[in-house]
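User: I am new to this structure. Please walk me through it, one feature at a time.

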Amino acid sequence: MANLRQAQKQMTRRLLLESGLELFTTKGYAATTVDDIASAAGTTRVTFYAYFPSRSELMKALIDERLNEALQRVSSPEHGSTALGLVATVADGTPEAVAAWLRRTADSWPAIRPIIRAGRDAAAVDPELTDLVERWLEEAISDIEDGLAQAGRLAPHQRRFRGALAMAELDFVAQHWDGADWKLTREQMLAELSASWVRLLS
């Protein structure tokens, strides 16, 4: 019975997260209320508050849980979260390793794009969420910095900045790939992005 109750709680929480993301994506964060999310999840405002103290906390959970899960990021005492695969890829530094990591990441763009867009939309109107996505990007930049340090590549003062450039490229392409007319196939885009990362991180 306890296991069934736990499973029901997990399902309710998952439905609230999914409903919140769907509404943030379609209506916008500012126009979405707690009642909207609860209703879309088939529950009540009281139940919503049993899982999340506020709409802001639900948005934070989408970043902390859903986004990190999609990108295989885990908790890190140094940075908040880390993607060990990214650290290892950067430390390896070969074109093959970089291309393989970027390909796996691009496969997850349909899952991560709505979360990042909702996070940026939320940060623009909710003071509790200021720089929410940018803080997450800083954690990814730290992974690149750690990988470069492990490999002993680049001077210490270059590592963070090169990581920032690499993540800025990746973020821009990930957010605009579905709507941009860059006259590239997906394979060509990945080849260009990989070549740019190798240049930046070598």
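**Reading the model**

Analyst: Start with one residue. Leu 154 lies in the loop between α8 and α9. Helices (H or I, at least four residues) and strands (E, at least two) are DSSP runs, numbered from the N terminus. This is a predicted model, in which local features need pLDDT of at least 70, side-chain atom pairs count only at pLDDT 80 or more, and totals for chains, interfaces and linings use all residues. Residues are numbered from 1 along each chain as its sequence is written, and side-chain values use heavy atoms, with hydrogens and water left out.

User: What is the phi of Leu 154? Is Leu 154 buried or exposed?

Analyst: Leu 154 has a positive phi of about 65 degrees, although it is not a glycine. Now burial. Buried means under 20% relative accessible area, exposed over 50%, and partly exposed in between (1.4 Å probe, protein chains only). Leu 154 has a relative accessible area of 18%, so it is buried.

User: Which loop holds Lys 183, and is Lys 183 buried or exposed?

Analyst: Lys 183 sits in the loop between α9 and α10. Its phi is positive too, at about 55 degrees, and Lys 183 is not a glycine. Lys 183 has a relative accessible area of 65%, so it is exposed.

User: How many helices and strands does the protein have?

Analyst: Ten helices and two strands. From the N terminus on, they run α-α-α-α-β-β-α-α-α-α-α-α. The C-alpha trace spans about 55 × 40 × 35 Å along its principal axes. Of the 202 residues, 43% are buried.

User: Which residues touch the most other members of the largest nonpolar core?

Analyst: A nonpolar core is a set of buried Ala, Val, Leu, Ile, Met, Phe, Trp, Tyr and Cys residues joined through side-chain atoms within 4.5 Å. The largest one here has 55 residues. Leu 58, Met 59, Trp 109, Ile 144 and Trp 197 touch the most other members. Helix α8 (residues 132–151) gives the most to this core, with eight residues.

User: What is Leu 58 in contact with?

Analyst: Contact means heavy atoms within 4.5 Å. Leave aside the neighbours within four places in sequence, and Leu 58 is in contact with Leu 16, Leu 17, Gly 20, Phe 24, Ile 37, Phe 48 and Phe 52. Across the protein, take the contacts with a separation of 6 or more: residues 24 or more positions apart account for 66% of them.

User: At what angle do α7 and α8 cross?

Analyst: Axes are lines fitted to C-alpha atoms, for helices over the stretch in contact, and angles run from 0 to 180 degrees between N-to-C directions. Under 35 degrees counts as roughly parallel, over 145 as roughly antiparallel, 65 to 115 as roughly perpendicular and the rest as oblique. The axes of helix α7 (residues 109–125) and α8 come within 7 Å and cross at roughly 130 degrees. That makes α7 oblique to α8. Among the residues that meet are Ile 116 and Ala 123 in α7, and Leu 132 and Trp 136 in α8.

User: How far apart are the axes of α7 and helix α9?

Analyst: They are 9 Å apart, with an angle of about 100 degrees between α7 and α9 (residues 156–176). The two are therefore roughly perpendicular to each other. Trp 109 and Arg 113 are among the α7 residues that meet α9, where Leu 170 and Asp 171 are among the partners.

User: What is Ser 194 in contact with?

Analyst: Ser 194 belongs to helix α10. Its relative accessible area is 7%, so Ser 194 is buried. Beyond its neighbours within four places in sequence, Ser 194 is in contact with Val 98, Ala 99 and Leu 102.

User: And where is Thr 89?

Analyst: In helix α5 (residues 84–92). Thr 89 counts as buried, at 8% relative accessibility. Outside the four places on either side in sequence, Thr 89 is in contact with Ala 97, Val 98, Trp 101 and Arg 104.
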